[in-house]
Amino acid sequence: MGKALGKYVVVFNCSDQMDYRGLGRIYKGLAQSGSWGCFDEFNRIELPVLSVAAQQIAIILTAKKERKSHFVFTDGDIVSLSPEFGLFLTMNPGYAGRQELPENLKINFRTVAMMVPDRQIIIRVKLAS
């Protein structure tokens, strides 16, 4: 989608080794540059880090909703905010080592369920038309 809209999308493969300081630096960089960030398998991050990340994301998204040009981040830094900034999370629930997202993080994102397409049905429809 980013390519179709001409947006620069930075993809991060999340792991249980990520900490809140590193995530905070990533969020601040994305907010300043106006890039989109896609955090793949976000639920692999440990629960205490997810809780802090939820607070960090809430601060940035609140500033974006209020159309602010600058905001104060959790570490006290004043960060400029580009209105083009965006955050996306992907998750594969049910696997070992995956965490359930905290509620204060879930409320900031829209859920979109995806599944493997049934290729036989698609082929039948294409051949029938």
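Does Cys38 count as buried or exposed, and at what relative accessibility? Cys38 counts as buried because its relative accessibility is 16%, where buried means under 20% relative accessible area, exposed over 50% and partly exposed in between, with a 1.4 Å probe and protein chains only. The model is predicted, so local features need pLDDT of at least 70 and side-chain atom pairs count only at pLDDT 80 or more, while totals for chains, interfaces and linings use all residues. Residues are numbered from 1 along each chain as its sequence is written, and side-chain values use heavy atoms, with hydrogens and water left out.

**Cysteines**
- The count of disulfides comes to 0, a disulfide being a pair of cysteine sulfur atoms within 2.5 Å.
- The closest cysteine sulfur to that of Cys38 belongs to Cys14 and is 8.6 Å away, which is too far for a bond.
- Cys14 also counts as buried, at 1% relative accessibility.

**Aromatic pairs**
- There are 5 aromatic pairs, defined as rings of Phe, Tyr and Trp (its six-membered ring) with centres within 6.5 Å, where planes under 30 degrees apart count as stacked, over 60 as edge-to-face and the rest as tilted.
- Tyr27 and Phe39 form an edge-to-face pair, because their ring centres are 5.6 Å apart and their planes stand at 65°.
- This pair links distant parts of the chain, with Tyr27 in helix 2 (residues 20-33) and Phe39 in strand 2 (residues 36-40), 12 residues apart; helices (H or I, at least four residues) and strands (E, at least two) are DSSP runs numbered from the N terminus.
- Both Tyr27 and Phe39 are buried, and they belong to one aromatic cluster together with Phe12 and Phe42.
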